[in-house]
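Thanks for coming. Please have the structure open while I talk.

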Amino acid sequence: MDWQDMLSSSLQQGLGPTAIVYCLAAIGLNVHFGYTGLLNFGQAGFMAVAGYSMASIVTTWGLSLWLGVAVGLLLTVGLALLLGVPTLRLRADYLAIVTIAAAEIIRQVVGSVSLLKYFGGLDGLQAFNAQFAALNPFDKPTGIDGVVMWRPYDFWVVVVGWTLVVISCLIVFLLMRSPWGRVLKSIREDEDAVRSLGKNVYSYKMQSLVIGGLFGALAGFMTALRNAAISPAGFATDVTFFAYAVLLLGGAARVLGPVVGSIIFWFMLTFLDLFFSQATRGADPLIPASIMTTSQASLIRLIFLGLALMLLMIYRPQGIFGDRRELAIDAR
Amino acid sequence: MPADMIKSSDMTAVSAPRTDKSVDVRAALKGVEHQPGAPKPDPIVVADGIVRRFGGLTAVDVEHVEIQRGVITALIGPNGAGKTTFFNLLTGFDSPDAGAWSFSGKGLKGMPAYKVARLGMVRTFQLTKVLARLTVMENMRIGATGQSGESLWQAMFAPLWRGQEKRNTERAMDLLRRFKLDTKKDDFAGSLSGGQRKLLEMARALMVEPELVMLDEPMAGVNPALKQSLLGHVKSLREDGMTVLFVEHDMDMVRDISDWVIVMAQGKIIAEGPPDAVMSDQRVIDAYLGAHHDAELSTEDEEAILAAAEAETGATEGKSSHG
Ligand SMILES: Nc1ncnc2c1ncn2[C@@H]1O[C@H](COP(=O)(O)OP(=O)(O)OP(=O)(O)O)[C@@H](O)[C@H]1O
Ligand SMILES: [Mg+2]
């Protein structure tokens, strides 16, 4: 058992590009679900639209990456409007159904054979990040010796990613302490009450959907940039559910909830993975093969993670950052 | 009690001078006939032919009704009479199968609820709707209209809305004091008792500075002592030039504060008039207690009813019409 290695690898994941992607996605879900009470189960769809816009503008149309980013943001807004117009007047569950379906449709479309020449089918697109890589000021591996260490490009992704996270958190903080944020929170509590006070609930829900979707778009860009590749597999439904897990772990309706949630989630997931794989390996494994084999070890982490989430929901349902007082109210 | 209430009332924008105005507006009702749908000299709400059906049940079927401006009108009727449904229809929370209605001369048909509220017609709910995970103060603040910080573009820049927020907070504090909720201002609204929620909802509606405030059973669950002072508040709203329409089952309250009473039963308006006249009206008593409440049924009557019922249902278990 190499505890030192396990811990540092886990930390590397907890602070790395993947954690950033899920953090940004969860910040978007926090606006949707945590503050407004909108059930968006298709955050992966928003991510895919943005990521693929950026990538395909470069590889398919040979244009600038930054134009791709602009197009991605624009199309994300378009998607939010498209999903919101028919559903936001209806009960909350309709949005959930429509978004989960839309995300899946988007994933199937970009992966389809007939659009192969635009989106690269199941293999996706590569080599679109030259303009981004060109800005990289780091030329040697960076990190803290013996704790975390990233290759130059990865470190550049990490720096840009966490900067985006900080800016996003700042925006969420500024918005949610304002009267505008108060309207969103009120809509989460009781739409009709808000309506009776002369607020256009539909318009506010739409604004929330768009803004949360834009944070999802940032997550989509980072997904594409972190591996310098994009493929439909990166936008499966479980991406959205992992992002929800991150949000609930950190605490919904808390500005820093997604950040803390994401770091802990990826730290735990990696740690469990390493632990079980090491504990089942070797001549005299810690866990005998009669209980668990090496091939089972990689799956068992998800079981444990699910268990951990269940325990969290039972004993600390407000998440790590949540307010216990708020929860007591729900019980009434 | 009401006297000192009036003195401290500075909460409405329409701070009418304390003249005999309220006496005048009530005097205007003198000439109005005591009939369902009677025309009023200065109606703020006029509704015509409002029908709302739920499947086979006609919940509301109002031919014509007018609500006089500047007075307190009570809408009473037995359970299930359609009062709440009528409120919902007027305020845009539900749409009728037929009919048209107007507020201050402006047609409201098809207008969404939030626009109705902005026009100055604000309602509360029978089943209180407080924003549970917001503090009492935040519940109040959200009632204020025309907040610049509620637009997305200005929201992020606090200096743009801080001054307005401060003024709204002061106004909210005044109202909370009147409703004896000032000590609770930092508690979550969800932690309030049932009666306190009623009070909060009413105070919040007043934050909108409405012209017409529609209260659906404001006194349900409020303790008698506070009820007295609330009656004072409602009266002071009238002094401030506001129009009040409220639903209430407590007849003492209705008698005490209302200038005019409209009675609904089975979706229809069956009587109108000043409180005393209405409460002695035979149609109203019948509606509340059932038509046969004081007439002894003779044996023949009973047999006739039974026969009719059996013919209707074709079963032995025919329901008689005993109230
Ligand atoms: N959404 C609905 N669906 C079906 N029926 C309804 C609905 N809302 C109200 N009703 C019916 O319409 C009738 C009038 O209901 P309403 O709530 O308006 O009564 P009310 O006069 O407010 O009674 P209460 O004094 O008990 O509050 C009732 O018979 C009720 O069952
Ligand atoms: Mg009712």
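Between chain B and chain A, 12 residue pairs are in polar contact, both residues of each pair being at pLDDT 80 or more. A polar contact here is a pair of N or O atoms within 3.5 Å; within protein, one must be able to donate a hydrogen and the other to accept it, and residues adjacent in sequence count only if both atoms are side-chain atoms. On the side of chain B that touches chain A, the elements giving two or more residues are helix 4 (113–119), strand 6 (121–123), helix 5 (136–141), helix 6 (152–155), helix 7 and helix 8 (194–207) of chain B. Helices (H or I, at least four residues) and strands (E, at least two) are DSSP runs, numbered from the N terminus. Helix 4 of chain B gives the largest share of that side, 4 residues. By class, the side of chain B that touches chain A has 20 nonpolar, 8 polar and 12 charged residues. Ala, Val, Leu, Ile, Met, Phe, Trp, Tyr, Cys and Pro count as nonpolar, Asp, Glu, Lys and Arg as charged, and the others, Gly among them, as polar.

A word on the source. This is a predicted model, in which local features need pLDDT of at least 70 and side-chain atom pairs count only at pLDDT 80 or more, while totals for chains, interfaces and linings use all residues. Residues are numbered from 1 along each chain as its sequence is written, chains are lettered from A and ligands numbered from 1 in the order in which they are written, and side-chain values use heavy atoms, with hydrogens and water left out.

Back to the contact, meaning heavy atoms within 4.5 Å. Chain B puts in 40 residues and chain A 32 residues. The two chains bury about 3,200 Å² between them, 61% of it on carbon and sulfur atoms. Buried area is the accessible area (1.4 Å probe) that two parts lose on being put together, summed over both.

Next, salt bridges: a side-chain nitrogen of Lys or Arg within 4 Å of a carboxyl oxygen of Asp or Glu. How many does the rule find across the interface of chain B and chain A? There are 5, and the count over all chains is 32.

One of the salt bridges pairs Glu165(B) with Arg182(A), with the closest N and O atoms 2.7 Å apart. Glu165(B) is in helix 7 (residues 162–178) of chain B and Arg182(A) in helix 9 (residues 179–189) of chain A, so this pair joins two chains. Buried or exposed? Glu165(B) is buried at 12% relative accessible area, and Arg182(A) is buried at 3%. Buried means under 20%, exposed over 50%, and partly exposed in between (1.4 Å probe, protein chains only).

Arg182(A) also meets Glu138(B) in a salt bridge, 3.0 Å from N to O.

Within chain B, Asp61(B) and Lys268(B) form a salt bridge at 3.1 Å. Asp61(B) lies in strand 2 (residues 57–68) and Lys268(B) in strand 10 (residues 268–273), so the pair ties together parts 207 residues apart in sequence. Asp61(B) is partly exposed at 26%, as is Lys268(B) at 42%.

Last, ligand 1. It is surrounded by 13 residues, the closest being Asn79(B), Lys83(B), Thr84(B), Thr85(B) and His249(B); near means a heavy atom within 4 Å. A polar side-chain atom of Gln126(B) is 2.8 Å from an oxygen atom of ligand 1. A polar backbone atom of Gly82(B) lies 2.9 Å from an oxygen atom of the ligand.
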